[in-house]
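Hello,

Here is the structure for your files. My notes on it follow below.

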Amino acid sequence: MKAILITLLLAGSQLLAQTTASIEEGEQTLTWIGKAAVGNYAPEGTIEILNAEIEYTSNSIEKLSLVVDMRTLAQENTQLQDHLKEKDFFHVKKFPVASFILSERVSIENSEVIISGKMTIRGQAQTENIYGQIKVDKDEGTLTFAFDHKMDRTKYGVNHNSPSLFKKLKENAIADDFVLKGSITFKNN
């Protein structure tokens, strides 16, 4: 009886064993999509993840941290790319990184999840609830998080040509919301 109990305890602890996984610098990118407040203009670009780590068990994410290198913000129109890096937008010289830190444990019993945490952009931290899909591949030793998240840039002090702050902009207005999306694959350490 004792042997059966010990075996069950060991098996249970293996199921709940915590795994740490990470990504390498510059290995993965995210896509951003902005939008004019008037018309169909919707510029799109990329930004690289500087580093990210996750700790998870077979049924939950315990910790998650993600750092984005704002200096890698890219767009095919170099004039727009340079403007986005200036004080009007993300002020990359002063704030070279943005980050996301998980604030509460997340159940991954099914593939659809809501990851809640503190997003910091331009030194301003705000809570974001990111809806996405989780896929754990035990054979490959990976966890993949795919998401498509709309967020309000003005919550982070990115106010340039905001129609909610400057009412008379008309065709020069830039929508407050932008989309950040990607598929991040963490490899077990």
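**Helix α2 and the rest of the chain**

N77 caps the N-terminal end of α2, with a side-chain oxygen 2.9 Å from the backbone nitrogen of Q79. A polar contact here is a pair of N or O atoms within 3.5 Å; within protein, one must be able to donate a hydrogen and the other to accept it, and residues adjacent in sequence count only if both atoms are side-chain atoms.

This is a predicted model: local features need pLDDT of at least 70, side-chain atom pairs count only at pLDDT 80 or more, and totals for chains, interfaces and linings use all residues. Residues are numbered from 1 along each chain as its sequence is written, and side-chain values use heavy atoms, with hydrogens and water left out.

The chain has two helices and ten strands (DSSP runs numbered from the N terminus: H or I of at least four residues for helices, E of at least two for strands). Their order along the sequence is α-β-β-β-β-α-β-β-β-β-β-β. Of the 189 residues, 39% count as buried (under 20% relative accessible area; exposed is over 50%, partly exposed in between, with a 1.4 Å probe and protein chains only).

Back to α2: its buried residues are L80, Q81 and L84. They cover an arc of only 105° around the axis, so they sit on the same side of α2 (the arc is that of the directions from the helix axis to the C-beta atoms). The buried residues of α2 pack against β2 (29-33) and β4, while the face turned away from them carries the exposed T78 and Q79.

The largest nonpolar core has 41 residues, of which I61, I115 and F186 touch the most other members. Such a core is a set of buried Ala, Val, Leu, Ile, Met, Phe, Trp, Tyr and Cys residues joined through side-chain atoms within 4.5 Å. Strand β4 (residues 60-75) gives the largest share of this core, six residues. Contacts of F186 (heavy atoms within 4.5 Å) include I23, I54, L64 and L143.

There are two aromatic pairs (ring centres of Phe, Tyr or the six-membered ring of Trp within 6.5 Å; planes under 30 degrees apart are stacked, over 60 edge-to-face, the rest tilted). F90 and F178 have ring centres 6.4 Å apart and planes at 75°, so this pair is edge-to-face. F90 lies in the loop between α2 (78-85) and β5 (97-102), and F178 in strand β10 (residues 177-188), 88 residues apart. F145 and F147 are stacked, at 5.3 Å centre to centre and 20° between the planes.

Regards

Note on methods. Lists of a residue's contacts leave out its neighbours within four places in sequence.
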